[in-house]
Amino acid sequence: MTTVDDVSRPSRLAGPDEAISVEELQLAARNHGIPLEALRYDVTPAGLHYLLIHYDIPDVDPATHVLTVDGAVDRPFAVGLAELRERPRVTHRVTLECAGNGRALLHPRPVSQPWLVEAVGNAEWTGTPLAPLLRDAGVAADTVDVVFTGADHGVERGVEQDYQRALPVAEALREEVLLAYEMNGAPLLPQHGAPLRLIVPGWYGMAHVKWLRRIDVRTTPFDGYQNAVAYRLRQDAADPGVPVTRIEPRALVRPPGFPDFMSRTRVLRPGPCTLDGRAWSGHAPVMSVEVTTDGGVTWKPAKLDEHTGGPYAWRRWHHEWAATPGRYVLSARATDASGRTQPVEQPWNRGGFANNLVQRVEVVVLAG
């Protein structure tokens, strides 16, 4: 008898010399990161924003789509998109980052979506706050978790499932959490969750459930796959781990000069060069960024631009560099107001999550 186990294998680590597999390349063709030159935009255009789709993009008709709110509530109800649009409308600029960003750079490498450092974007999300809907429903006093179900369905590690994630009730009731129906002033695109998605500022992307169709309020902890099995920081398969939640601080360098087609090594002319990029954290505002041009031997402070995007949006930094002929490795590292700083050695875990190891940009400055 054929079962889902015949097509869905357990998680594993790549062998010491194992190359990226055809399966991983297939994932990389479906999902894409931001081109790093697009760090120049304060707001990432929708087509350049990073994208991760666990299963298929579901076929959802906005005209008939209904969001159901049920579970441990006094007044369960269902609401259509038109009704949600009649509720108070707000826009938040929010940096989203995939929890697996940087996974492919780890040693040993967890076998999954092979992200380098580009799984990020900073967009303007418009919708209505979630908290008033939960208050309208009358959330039970002993509520523990609020579960969000998307319309996407698939198999993962042998478990057939709708994509579901839960938030602790205190997080779900934060006023900035949105039921979003627009991105950058336009209706959501299918790949970004149309017609309705969750936006949880400060949290990694797995929490921002797309194609949202159901909200369940629960008085017991949610033990679904995406909470209890996936997205946990563990050192080995037997380790129960701790959940992935808020985004760790990260700074990215916008690569200067121009690239070699295959290696992406950057080529520069000698002379004054403004290095810049973006920095963000889901724990607290970024307070400083340091830059190295010698592979981490020395670090110098960068200047932070005025932060105009709001508390959950990335922030531009810049640093003046006198480029002389030679080979260089550029990096930047961010520190936030909570005291968290990017590591220079990999923070390894079996799933490759929350890996905010500093980026390395190889640069060749030409002789004249």
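Predicted model: local features only at pLDDT ≥ 70, side-chain atom pairs only at ≥ 80, totals over all residues.
1. Helices, named H or I and at least four residues long, and strands, named E and at least two residues long, are DSSP runs numbered from the N terminus.

2. The largest pocket itself has a volume of about 1,400 Å³, and 39 residues line it, with Leu27, Val111, Ser112, Glu156 and Arg157 lying nearest its centre. Besides H1, strand E5 (145-156) also supplies at least two residues of this lining. By type, the lining residues of the largest pocket comprise 17 nonpolar, 10 polar and 12 charged.

3. The second largest pocket holds about 1,100 Å³ of space, and among the 31 residues that line it, Leu36, Leu116, Val117, Glu118 and Arg264 are the closest to its centre.

4. A reader turning to the strands may begin with E16 (residues 271-280), which is mostly covered, seven of its 10 residues being buried. Strand E13 (residues 250-253) pairs with E16 in the antiparallel sense over four bridges, and within this pairing Arg278 of E16 is the bridge partner of Leu252. E16 is also joined to strand E20 (residues 315-323) by nine bridges, again in an antiparallel run, with Gly271 standing opposite Ala323 of E20.

5. The structure holds four aromatic pairs. One of them is formed by Tyr50 and Trp115, an edge-to-face pair with 6.0 Å centre to centre and 80 degrees between the planes. This pair links distant parts of the chain, 65 residues apart: Tyr50 lies in the loop between helix H1 (22-30) and strand E1 (66-71), and Trp115 in the loop between strand E3 (90-97) and strand E4 (120-129). Tyr50 counts as buried because its relative accessibility is 8%, and Trp115 counts as buried because its relative accessibility is 4%.

6. Trp280 and Trp314 form a tilted pair, because their ring centres are 6.0 Å apart and their planes stand at 45 degrees. Trp280 lies in strand E16 and Trp314 in the loop between strand E19 (303-304) and E20, so the pair ties together parts that are 34 residues apart in sequence. Both Trp280 and Trp314 are buried.

7. One further contact involves a ring: Arg333 lies over the face of Trp299, at 4.1 Å from the ring centre.

Technical notes
Residues numbered from 1 in each chain as written. Heavy atoms only, no water. Buried < 20%, exposed > 50% of the residue type's maximum accessible area, 1.4 Å probe, protein only. Pairing = 2+ DSSP bridges. Phe/Tyr/Trp six-rings, centres within 6.5 Å; stacked < 30°, edge-to-face > 60°. Lys NZ or Arg CZ within 6 Å of the ring centre and 35° of its normal. 1 Å grid on protein atoms, 1.4 Å probe; cavity = no way out; pocket = protein on both sides within 12 Å on 5 of 7 lines; lining within 4 Å. Points joined across faces, edges and corners; volume = space filled by probe spheres on them. Nonpolar A, V, L, I, M, F, W, Y, C, P; charged D, E, K, R; others polar.
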